[in-house]
There are 2 protein chains.
Amino acid sequence: MQIIDFANTKDYNVKVIKNTMHTILRRKGKKMESYFMFKNLAIIIIAAKVCGIVARKCKAPQVVGEIIAGLLIGPSILGWVEQSDFLVQLAEIGVVLLMFSAGLETDLKDLLKTGPIAALIACAGVFIPLVCGSLLYMAFYGVAPWGSEAFYKAVFVGTILTATSVSITVESLREMGKLKGKVGTTILSAAIIDDVIGIIVLTFVIGFKSPDSKPMSVLVNTVLFFVFAIVIGFICYKIFQLMDSKYPHTRRIPIAGLALCLAMAYIAEKYFGIADITGAYVAGIILCSIRDSKYIAEKMDISSYILFGPVFFASIGLKTNVDNVNMSILLFSIAFVAVGLISKVVGCGIVARLCKFNGLDSLKIGVGMMTRGEVALIVAQKGLSAGLLTSVYFTSVIFLIIVSSILTPIILKILYSKDTAAPTTE
Amino acid sequence: MQIIDFANTKDYNVKVIKNTMHTILRRKGKKMESYFMFKNLAIIIIAAKVCGIVARKCKAPQVVGEIIAGLLIGPSILGWVEQSDFLVQLAEIGVVLLMFSAGLETDLKDLLKTGPIAALIACAGVFIPLVCGSLLYMAFYGVAPWGSEAFYKAVFVGTILTATSVSITVESLREMGKLKGKVGTTILSAAIIDDVIGIIVLTFVIGFKSPDSKPMSVLVNTVLFFVFAIVIGFICYKIFQLMDSKYPHTRRIPIAGLALCLAMAYIAEKYFGIADITGAYVAGIILCSIRDSKYIAEKMDISSYILFGPVFFASIGLKTNVDNVNMSILLFSIAFVAVGLISKVVGCGIVARLCKFNGLDSLKIGVGMMTRGEVALIVAQKGLSAGLLTSVYFTSVIFLIIVSSILTPIILKILYSKDTAAPTTE
């Protein structure tokens, strides 16, 4: 047997090996490990449901339970389920379905009304965490002069803090029936815009360090994507309206809807370099005003809660392995999480307050925007490959994701429960 | 870069490489190709739906359209979608869901009533194709003396013909609303028993050739599995009855049902060496008499028709590549397909007729049993690794799967349409 030095293989080699592996594995036995996925899925959906029910009994939202379920059954604690490529891909479909449903449940008029304010909130939600994160890094590792290597590293830590991952907020708001309110729509629109700004910032930071990525092209691509989405969106909307009037409540409508969602997710990533979840959300918005939008949402919801949703939320917990954490990383992580959460709440909350939301609603918006998710991990990964980050900070990012995922739904629930005591304008 | 001689790697090396690859790929970029699956899924579900609708317009069942969709978009014709591990696993979930639904829709009383007759039909459905297939091989390649190498090869070709794959019949019967009738239940039970007998035959044939697999243990395992299923089934049934009366029509019921289905599929394969689909079907039967069985079936059905079903049926077409077919293989394949279909229809049909089904119903049973599916491919794969088969016969097996998958639903539909003209006892 030859020894294969995988550490030295480059991307090209990886691709070659991978293709060969695929062929071998496909020939050697397609069934080799396929039945293990049944075990994993069974454990995940049962654990997620049980923990979800327990969470609800404790007055916390179900998603918290599902994330904790992932932690429990994952390598950190029980080790019953290991992350696999298949689970990662199922989780990816899960988050895309979630964003599609969120889009479907959007009120387009509300979205257009909240758009400008959402854009302002999103800007604050990107730049305040960016600055605070950079300062945090400098506080720990010394002030770095403008343009130095350490300076970019500091800015990069700030960049990780920029991207909101709204899926957990969406699920929490939906559980409470608050997704469609003014606050819900503002959070969602702000999170979408925030995502776009976050990606632009990332590309700028990496672009300044290595000259082969082009910050301007990202900006252009983003604009082009939305132009594309409006044109295609209008055509698809007309087609769906036609289908809707000819074949109302038939299976072909949710199927075509799902296909549109998947296609938009793909096109967004492939041709415009925009997150797949943004594409899926836009697909939902395209269909949110056809007559059968509720019918589509209902079918997506069932697919989602039966399998894809639990897999997605549990996968956040599954990603975590708390074995190699030491004291100094722990300390940095705690500061990182605190700065990450507070800077978002303050940034978004203050702008919301300035935009004439009342105090409670501003706080809801700030809290709703503070969740981080897989986008933060992806940003961190890009930083790793650009040499701006060492892998030790991954633990901090995962901490941030878990803490924010668990805290956001709980705080949101508390904030919304205050509404009944003192009804707001919403 | 080192050149890696994959052709010489053994199973162990493959495993090592695979694990390393997983780690590398997971680190290098989880998102690397994840968005390609969105494209593939979008193409599959749209193509399957469009072809399904066209098929129905041509008075053929939708599944035929879905299989043809797979052929069209697959490497044989358009090449838009390539088979991937992810699609294989989704398709696997698809077929498991399908069998679970079939189990859920079973009438337990009917099943027990049809059991003995189904067992007889299954025996005929295994042994007649087994004998005919062996004779076919000898007709093409010369008579082989008992116990010789060529003799086992001939028997193996017969073995490939034994296992019925009932999923397409199930879907066709369901489309026509005939799944629950006496004929439908008989076909389903016979197919399940046939599967078990087929696996025993396979193990015997391979067992005689290589002494390290133990035919007797398969028989014992099968019996043990059904004992296990009855015990666990009774316990689960009681638990579900309790849940059903305490929380009727809640999400936890279909979720727990799906978990049971996945767990049974896993346990069947892992601990008893029985096909996962048999486990899933048994899980369905366990739950078929609880009050919410229809509620569970409805939710599974939605998950199935939106994504998993089309992926499964299209994947049959996707597996096919008609590039390297020559005249002699084509000739053998035609004979193989003809023998495969006719021997099942005749074997099962005659026994059904002897068991006092009328002529038309006997024919329906025979035709319903003639579909072959992934089990035939798995058997062929086992033969390949046992040295009983060369890979050239894969094309024949795939032809058989496609032809039977397309013909069965069409013939079934024609046969059932005769019912209205001359009503039978069903």
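**Note on the predicted model**

1. Start in chain A. A:Lys364 and A:Asp361 form a salt bridge, with their closest N and O atoms 3.0 Å apart. This is a predicted model, and that applies to every point below. Why are A:Lys364 and A:Asp361 separated by about one helical turn? Both belong to helix H14 (residues 359-368) of chain A, and they are three residues apart there, so about one turn of helix lies between them.

2. Are A:Lys364 and A:Asp361 buried or exposed? A:Lys364 has 0% relative accessibility. A:Asp361 has 3%. Buried means under 20% relative accessible area. A:Lys364 therefore counts as buried, and A:Asp361 therefore counts as buried.

3. Now look at chain B. The side chains of B:Lys364 and B:Asp361 meet in a salt bridge, at 3.0 Å from N to O. These residues sit three apart in helix H14 (residues 359-368) of chain B, so about one helical turn separates them. B:Lys364 and B:Asp361 are both buried.

4. How many salt bridges does the structure hold over all chains? The count is 10. One of them pairs B:Arg251 with A:Asp301, at 3.2 Å from N to O. B:Arg251 is in the loop between helix H9 (215-246) and helix H10 (252-272) of chain B, while A:Asp301 is in helix H12 (residues 293-318) of chain A, so this pair joins two chains. B:Arg251 has a relative accessible area of 37%, so it is partly exposed.

5. Which residues make the nonpolar surface patch of about 600 Å²? They are B:Phe140, B:Tyr141, B:Met327, B:Leu330, B:Leu331 and B:Ile334. Helix H5 (108-141) and helix H13 (327-354) of chain B are the elements that give two or more residues to the patch. H13(B) gives the most, with four residues. B:Leu331 is in helix H13 of chain B.

6. Next, the inside. A search of the whole structure finds 10 cavities of 30 Å³ or more. The largest cavity has a volume of about 60 Å³. Its lining is made by B:Met99, B:Thr164, B:Ser165, B:Val166, B:Ala191, B:Ile192, B:Asp195, B:Ile277 and B:Thr278.

7. Where does this lining come from? Helix H8 (182-209) and helix H11 (276-287) of chain B each supply at least two residues of the lining of the largest cavity. H8(B) has the largest share, three residues. By type, the lining residues of the largest cavity divide into five nonpolar, three polar and one charged.

8. Check the backbone too. Most residues other than glycine have a negative phi. A:His249 has a positive phi, near 55 degrees, and is not a glycine. A:His249 is placed in the loop between helix H9 (215-246) and helix H10 (252-272) of chain A.

9. B:Lys356 is another residue to look at. Its phi is positive, about 75 degrees, although B:Lys356 is not a glycine. B:Lys356 lies in the loop between H13 and H14 of chain B. Is B:Lys356 buried or exposed? Its relative accessibility is 77%, and exposed means over 50%, so B:Lys356 counts as exposed.

10. Compare sequence and space. B:Lys319 and B:Pro75 are 244 residues apart in sequence. How far apart in space are they, C-alpha to C-alpha? The distance is 8.3 Å. B:Lys319 lies in the loop between helix H12 (293-318) and H13 of chain B. With a relative accessible area of 27%, B:Lys319 is partly exposed.

11. Take one more pair. B:Val351 and B:Tyr416 are 65 residues apart in sequence. In space they are 20 Å apart, C-alpha to C-alpha. B:Val351 belongs to helix H13 of chain B. Its relative accessible area is 16%, which is under the 20% cut-off, so B:Val351 is buried.

Methods. Residues numbered from 1 in each chain as written. Chains lettered and ligands numbered in written order. Predicted model: local features only at pLDDT ≥ 70, side-chain atom pairs only at ≥ 80, totals over all residues. Heavy atoms only, no water. Patch = residues over 30% accessible without salt bridge, like charges linked within 9 Å, V, L, I, M, F, W, Y side chains within 5 Å. Areas by Shrake-Rupley, 256 points an atom, 1.4 Å probe, with all protein chains shown as cover. Salt bridge = Lys/Arg side-chain N within 4 Å of Asp/Glu carboxyl O. 1 Å grid on protein atoms, 1.4 Å probe; cavity = no way out; pocket = protein on both sides within 12 Å on 5 of 7 lines; lining within 4 Å. Points joined across faces, edges and corners; volume = space filled by probe spheres on them. Nonpolar A, V, L, I, M, F, W, Y, C, P; charged D, E, K, R; others polar. Buried < 20%, exposed > 50% of the residue type's maximum accessible area, 1.4 Å probe, protein only.
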